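Here is a short walk through a protein model for anyone who likes to have the structure open while reading.

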Amino acid sequence: MVFFLLTSTNFHHFFLLTTTRWAIIPIILVLACQLFWYTVEKCQLNDPKDIKQKLHTSTVAVLYLIWPSLCSQTFGAFACKSVCDNGSFLRVAIDEPCWEYRHWMHVGFIGIPMMIMYIFGLPLAAFLATRKLQLRAKRKKKQTNTMKGHHTWGAFYSSFREETWWWEGTVAARKVVIALIGVFGAELGAMQVHLTIMLVMMIIVITAVVRPFSNSAQQENLLQGMELASLMAVFLTLWAASVFSTYPKCEDPNEAGKTIVWCDFLSVVVGLVDFIILISLISCFIAVKFFGVNFGAKLINNTRVGKS
């Protein structure tokens, strides 16, 4: 990105190169996965029967990881702002007028294709593949985790109950809305933060009521707790951001050069809470990875055995 910035003649060229790069990154990553597993197969480093399955799984995982960034970059091609009385300009390329010939070309050849293929196409493809797998399992009267394709698409439904197998779709919709607010909500000012807070609170309430996680591996309470804890961390961070927006740098509006004690305390507390929740999530992941979902009981049993 630094190279592009140094070699671009203006913001528009930099933005065009950046967006074009994001348009081809998914294709490059898919080809890289193909090349990697082709090399593994040729070097006979793995069972050839598993190569195709691992290729599909790694491809889906890579696209899933970069999809939120693809959303933000795609929406950036449509985000404009008014500059004084001089018209509307691209938010990320302030010298480029919006909805003129060059911008229309950019939107038509890059923005809209990315919107169709990535923003809507990838989630729709995952939904259809997952639904097809669910129906095939139901038709054959088998468990979904025994069906061909489970290792590829299982990440989208295996953590949820059968009645809420579609819950990952709500997570995808959540990411799209957050990206939309982040890109287009700048004109709202402080309302951008308040709107995001309202969205996060709605997600917390719905998640608490629906309880979408499966208990097939005795993991419902663990996953539910981790999900709500991470959402609460986001809520607290956004709420603190709204406070800091009202009191920039926690400066006292009545006395210049002085800071507000409770505001400083709030920044420390929220930062500490976020850190604790992050460490807790990482610790839970490591514990489940090595000891299983019942790691708490196993730890207590091992402690008792050691004392005896």
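The report below starts with the overall fold, then turns to helix packing, the nonpolar cores and a few individual residues.

**Overall fold**

Please keep in mind that this is a predicted model. Its secondary structure comes to 10 helices and two strands. The protein has 308 residues, and 33% of them are buried. If you take the contacts between residues at least 6 apart in sequence, 57% join residues at least 24 apart.

The crossing of α7 past α8 is left-handed. On the α7 side, the residues that meet α8 include Val-193, His-194, Ile-197, Val-200, Ile-204 and Ala-208. Among their counterparts in α8 are Leu-228, Leu-231, Phe-235, Leu-238, Trp-239 and Ala-241. By type, the residues of the contact of α7 with α8 divide into 15 nonpolar, five polar and one charged.

Helix α7 also packs against helix α6, residues 167–184, and here the axes come within 10 Å and cross at roughly 170 degrees. Therefore α6 and α7 are roughly antiparallel to each other. From α6, Trp-167, Arg-174, Val-177, Ile-178, Ile-181 and Gly-182 take part, and they meet α7 residues including Leu-195, Leu-199, Ile-203 and Val-210. The residues of the contact of α6 with α7 divide into nine nonpolar, four polar and one charged.

Within the α7 helix, His-194 makes a handy landmark. His-194 has a relative accessible area of 38%, so it is partly exposed. His-194 and Ala-241 are 47 residues apart in sequence, and their C-alpha atoms are 9.5 Å apart in space.

**Nonpolar cores**

Which residues have the most contacts inside the largest nonpolar core? They are Trp-67, Cys-71, Phe-75, Phe-78, Met-115, Ile-119 and Val-176, in a core of 13 residues. The elements that give two or more residues to this core are α3 (48–76), α4 (101–139) and α6. Helix α6 supplies the largest share, four residues.

Leaving out residues up to four places away in sequence, Ile-119 touches Trp-67, Leu-70, Cys-71, Thr-74, Phe-75, Met-114 and Val-176. There is also a second, separate core of nine residues, which includes Leu-199, Val-200, Ile-204 and Phe-235. Val-200 and Ile-204 in α7, along with Phe-235 in α8, are also among the residues where those two helices meet.

**Two threonines in helices**

Thr-59 is found in helix α3. With a relative accessible area of 13%, Thr-59 is buried. Leaving aside neighbours within four places in sequence, Thr-59 is in contact with Val-30 and Cys-33.

Thr-130 lies in helix α4. Is Thr-130 buried or exposed? At 4% relative accessibility, Thr-130 counts as buried, because the cut-off for that label is under 20%. Again leaving aside neighbours within four places in sequence, Thr-130 is in contact with Trp-153, Phe-156, Tyr-157 and Trp-165.

**Two loop residues with positive phi**

Most residues other than glycine have a negative phi. Against that background, Arg-211 has a positive phi of about 50 degrees although it is not a glycine. You will find Arg-211 in the loop between α7 and α8. Lys-249 also has a positive phi, near 55 degrees, and it too is a residue other than glycine. Lys-249 sits in the loop between α8 and α9 (261–291).

| Residue | Relative accessibility | Class |
|---|---|---|
| Thr-59 | 13% | buried |
| Thr-130 | 4% | buried |
| His-194 | 38% | partly exposed |
| Arg-211 | 31% | partly exposed |
| Lys-249 | 72% | exposed |

How values were computed:
Residues numbered from 1 in each chain as written. Predicted model: local features only at pLDDT ≥ 70, side-chain atom pairs only at ≥ 80, totals over all residues. Heavy atoms only, no water. Left-handed = near helix turned anticlockwise from the far one by under 90°. Contact = heavy atoms within 4.5 Å. Nonpolar A, V, L, I, M, F, W, Y, C, P; charged D, E, K, R; others polar. Axes fitted to C-alpha atoms, helices over the stretch in contact; angles between N-to-C directions. Parallel < 35°, antiparallel > 145°, perpendicular 65-115°, else oblique. Core = buried A, V, L, I, M, F, W, Y, C linked by side-chain atoms within 4.5 Å. Buried < 20%, exposed > 50% of the residue type's maximum accessible area, 1.4 Å probe, protein only.
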